[in-house]
Amino acid sequence: MIYMMSDEELNNLDFYNYQLEMVDELEDMLKDSDVDFNGKNRGESYEELQDLSFDRDLTGNRTGSYWCNELKAERALLGNFDLVQDALDDFGMESVDSPDLISGEHLDILVREHLLPAVIDEVLDNHNVAPF
């Protein structure tokens with residue numbers, strides 16, 4: 001049996017908000033770390049958060065998957081193809097036909113890698129870390 005969503009169900013879909021979810025997750029990682037911004041400028045603080053993000057695999061790049069589930073990755077991408085296009089442009093890729101992007105998980109990682117600098121900046125702003 002094939003289930004078709006009604007127009008009402010489609011209109012009420014909540015799409016995954018990459019930026020918000022990544023900021024929340026980085027904030028949680030920060031609470032559970034020894035990273036401290038005291039006495040550091042924004043550049044140093046940015047590098048510490050970037051290291052923390054890579055160490056804890058916020059993007060999924062280190063392990064090859066954030067979700068470890070193709071369907072979850074594809075679900076997160078639903079409604080976020082503008083971010084996919086922005087990420088493709090950012091990394092100089094012409095289309096999702098690139099041999100490096102063979103799955104939803106790869107596209108998910110690409111979007112996360114693209115958003116990471118903005119996510120780190122938002123977390124630094126949340127902690128009132130002064131600009132350079």
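**Notebook: acidic residues and salt bridges**

I started with D108, which sits in helix α6. Helices here are DSSP runs of H or I with at least four residues, strands are runs of E with at least two, and both are numbered from the N terminus. The model is predicted, so I kept to its limits: local features need pLDDT of at least 70, side-chain atom pairs count only at pLDDT 80 or more, and totals for chains, interfaces and linings use all residues. Residues are numbered from 1 along each chain as its sequence is written, and side-chain values use heavy atoms, with hydrogens and water left out.

**Entry 1: D108**

Is D108 buried or exposed? I read a relative accessible area of 0% for D108, so D108 is buried. For the cut-offs, buried is under 20% relative accessible area, exposed is over 50%, and partly exposed is in between, with a 1.4 Å probe and protein chains only.

I then looked for a polar partner. The side chains of D108 and W67 make a polar contact at 3.4 Å. I count a polar contact as a pair of N or O atoms within 3.5 Å; within protein, one must be able to donate a hydrogen and the other to accept it, and residues adjacent in sequence count only if both atoms are side-chain atoms.

Leaving out residues up to four places away in sequence, D108 touches Y18, Y66, W67, A73, A76 and L77. Contact here means heavy atoms within 4.5 Å.

**Entry 2: E105**

E105 also came up in helix α6. E105 is buried but has no salt bridge. I looked up the nearest side chain of opposite charge: K72, 9.6 Å away. Lys and Arg count as positive, Asp and Glu as negative, and His and the chain ends are not counted.

What does the side chain of E105 have by the backbone nitrogen of C68? I found one of its polar atoms 3.5 Å from that nitrogen. Setting aside neighbours within four places in sequence, I list S65, W67, C68, N69, E70 and A73 as the contacts of E105.

**Entry 3: E113**

E113 is in helix α6. Its relative accessibility is 19%, so E113 counts as buried. I found a polar contact of 2.6 Å between the side chains of E113 and T59. Beyond residues up to four places away in sequence, E113 touches F54, T59, N61 and F91.

I also checked E113 against E70. The two are 43 residues apart in sequence, and their C-alpha atoms are 18 Å apart in space.

**Entry 4: salt bridges**

Side chains of opposite charge can pair when their charged atoms come close. How many salt bridges does a search of the whole structure find? I got five. A salt bridge means a side-chain nitrogen of Lys or Arg within 4 Å of a carboxyl oxygen of Asp or Glu.

I noted D32 with R56, where the closest N and O atoms are 3.9 Å apart. D32 is in the loop between α2 (18-31) and α3 (42-55), and R56 is in the loop between α3 and α4 (70-77), so this pair ties together parts 24 residues apart in sequence. D32 is exposed at 57% relative accessibility. R56 is partly exposed at 35%.

Next I took R42 and D121, which meet in a salt bridge at 3.5 Å, N to O. R42 lies in helix α3 and D121 in helix α6 (residues 104-126), so the pair ties together parts 79 residues apart in sequence. R42 is buried at 7% relative accessible area. D121 is partly exposed at 32%.

R42 forms a salt bridge with D125 as well, with the closest N and O atoms 2.8 Å apart. That pair links distant parts of the chain, with R42 in helix α3 and D125 in helix α6, 83 residues apart. D125 is partly exposed at 46% relative accessibility. I logged R42, D121 and D125 as linked in a network of salt bridges.

**Entry 5: whole chain**

I counted six helices and zero strands. The C-alpha atoms fill a box of roughly 60 × 35 × 25 Å along the principal axes. Of the 132 residues, 39% count as buried. Among contacts with a separation of 6 or more, 72% come from residues 24 or more positions apart.

I closed with charge. The chain has 8 positive and 33 negative side chains, and the centres of the two sets lie 8 Å apart. The place of a charge is taken as NZ of Lys, CZ of Arg, CG of Asp or CD of Glu.
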